[in-house]
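Let's take a walk through this fold together, from helix packing to the nonpolar core and then the charged pairs. Keep the viewer open as you read.

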Amino acid sequence: MKRPIFLFSLLLILGLVVSACAAPVTAPAAAPGEQPAPAAQKVTIRLATWAGVDESAELQVLLDAINSEQDRFEIVHEPAPADYYTKIQTALAGGTSADLFWLSQEWIAGMAAQGALLDITDFLAGDTVHPAANLDDYFPDILKTAQYQGRTYGLPWIAQPVVLYFNRGLFDAAGVDYPTADWTWDDFVAAAAALTKDLDGDGKNDQWGFTMNGWPPPQMFVWQAGGEVITADLSACPIDTPEAIAGFQFYADLIYDDVHTPPEAVIQEQGFGEMFKAGKIAMFMGGAADDLDRVPGLDVGVVRVPAGPAGRPTFAWTASTVIAAQTQNPELAYEALALLTEKIHGWKIVAPRKSLANVEALVAAEPRKEKNAAAIVEAIPDMRAFNIIPRHQEWDTIFWGDFMDPLFHDQGTAAELAPKIRPMLEELLP
C-alpha cells in the first residue's frame, strides 16, 4: 500500500523540480505594509589556488569584477600556498573539494584518468559567448596539457616560455658581446666561460656565466638536440637515442662545473635565482613572467634561448583552471571558469591564445614588461610543453632520482645511464 503513495510523492516532487527549472525564480510581491522578500541568494563557487599574499590580492580584483556583474553565483577564493597539492588531493578524497582549482600541466592527465575532474568538452562546444572558450585560439601544444584522451578538462591560463635573461653590466665588464636571437649552443658556452671569474684573486670563482640545478628543464635541451623524452603518442620514452643523449650530456657537462656554472654547494648556500639578482650570475634562463629584468641596480636584457643542433624549442610552464567532478553546480562552475579564464588572460603572461600573442596584449597585461615585451613575443612560437602521462608523478620520481641525479653527480654518462632507465620509465606509460 505504501508503494503508490511513494510514486505519487516522487512524481509530485519531480513536477516541482521541472517547474522550478522551467521558470525563473522570483521573489513574491510584497503585500501592502509588508517587507519585500529577499532576493535569491547567490550560489557560492569555491576557487582553490596556490596564490601567495600578493598574487591573491591581484586575483581578488579580478574576482570582484566578475562577482559584481553576477546575480547567480559568487566566486570565493581559497588560497593555499603551502602544501597545495596535498590539500587538493585530500579534499578530493574527502568529497570537500573546491568547485574550481588550479593545476600545473603535469597533474591534469592523472586526475582526469581518476575521474576527479569534470569533462568540459560539451560545455565548450556549445559556448559561443565567451572568448576564452574558443579552443581554436589556443596554442595547440599548450592546450593539450588540459586534455586527456581527446577530451578537455580545463582551460589553460598561462604559457610562460623560458627566455634568457642577461646582466648587461657583467657583459660590459668582461668585454663580451650581448646575447642575440641568433646565438647557438657554441656561442652560449663560450660566453659562459668568459664570464666566469675570480674577481678578488683568492683562487676561487665568485662570478659565473650561467647557472643550472635541474632548472631549466633538461628536456628542453633534448628537444633542441632533436630528441624526445616522451613521444607525442605517449608510447615510448626514447631517452637513449643519439639526439636525446646529446641533449642530456650537454646539460651534464655544464652543471656544477665551476667553469661555466657555480658548484652545487654554492647554489645551496647563496640561492639559485638570488645569485642572479645579487649580480653574481651573468645569464639565467627563467620564465617570461619572472621579475629578473626589474631588479633594482641591474641592467637586464631578455632574448630567446640559444639554439641547439635541431633549433631552439623552449619549455613553457603551463597551468589550467579545472572543475572538480564532484561540484554540485556544474553549469555555474563552467560559467565561472569561462569568465575567470578570460580575466586571467588579461593579467598573466603569456596568455596561451594566438589572438593575444602580441606586444600590445602582453604590455596591457603586465606593463612592467614593456622594455622586453618584443623579445618575449619572439619566443612564443618556439614554446612547447611536456608530453604528460597519467602517472607522471611516478615517472618524474624515476626520471630525476634514477637518471638526472646520477648524471649530474658524475655517476655515469648519459649514454651509460639512459638505456638502463628507459625500460623503467616505459613501464609507467599508459
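Contact, as used here, means heavy atoms within 4.5 Å. Bear in mind as well that what you're looking at is a predicted model.

Which residues of H2 meet H13? On the H2 side they are Leu59, Leu62, Leu63, Ala65 and Ile66, and their partners in H13 are Leu339, Leu340, Lys343 and Ile344. H2 covers residues 53-67, and its axis comes within 10 Å of that of H13, the two crossing at roughly 135°. Angles over 145 degrees would count as roughly antiparallel and 65 to 115 as roughly perpendicular, so this pair is oblique. The crossing is right-handed.

You'll find histidine 130 in the loop between helix H5 (121-125) and helix H6 (140-143). Is histidine 130 buried or exposed? Its relative accessible area is 13%, and buried means under 20%, so histidine 130 counts as buried. Setting aside its neighbours within four places in sequence, histidine 130 is in contact with Glu335, Ala338 and Leu339. Leu339 is also one of the H13 residues that meet H2.

Now for another pair of helices. Two packed helices are described by the angle between their axes and the distance between the axes. For helix H10 (residues 242-254) and helix H17 (residues 414-426), the axes come within 9 Å and cross at roughly 125°. That angle makes H10 oblique to H17, and this crossing, too, is right-handed. H10 brings Ile245, Phe248 and Gln249 to the contact, while H17 supplies Ala414, Ala415 and Ala418.

Phe248 turns up again in the nonpolar core. In soluble globular proteins, nonpolar side chains tend to be buried together. Here the largest nonpolar core has 142 residues, and Phe101, Phe248 and Met283 are the ones that touch the most other members. The element that gives the most to this core is strand S6 (residues 154-167), with 9 residues.

On to the charges. Side chains of opposite charge can pair when their charged atoms come close. How many salt bridges does the structure hold? There are 17. Take aspartate 299 and arginine 168, whose side chains meet at 2.9 Å, N to O. Aspartate 299 is partly exposed, at 40% relative accessibility, and arginine 168 is partly exposed at 22%.

Arginine 353 forms a salt bridge with glutamate 342, with the closest N and O atoms 2.9 Å apart. Glutamate 342 belongs to H13 and arginine 353 to the loop between H13 (330-345) and helix H14 (359-365), so this pair ties together parts that are 11 residues apart in sequence. Arginine 353 is buried at 5% relative accessibility, whereas glutamate 342 is partly exposed at 30%.

Finally, look at arginine 368 and glutamate 366, a salt bridge whose closest N and O atoms are 2.9 Å apart. Glutamate 366 counts as buried, at 14% relative accessibility. Salt bridges can also share partners: Asp119, Asp122 and Arg151 are joined into one network that way.

Technical notes:
Residues numbered from 1 in each chain as written. Predicted model: local features only at pLDDT ≥ 70, side-chain atom pairs only at ≥ 80, totals over all residues. Heavy atoms only, no water. Core = buried A, V, L, I, M, F, W, Y, C linked by side-chain atoms within 4.5 Å. Buried < 20%, exposed > 50% of the residue type's maximum accessible area, 1.4 Å probe, protein only. Helix = DSSP H or I, 4+ residues; strand = E, 2+ residues; numbered from the N terminus. Salt bridge = Lys/Arg side-chain N within 4 Å of Asp/Glu carboxyl O. Axes fitted to C-alpha atoms, helices over the stretch in contact; angles between N-to-C directions. Parallel < 35°, antiparallel > 145°, perpendicular 65-115°, else oblique. Left-handed = near helix turned anticlockwise from the far one by under 90°.
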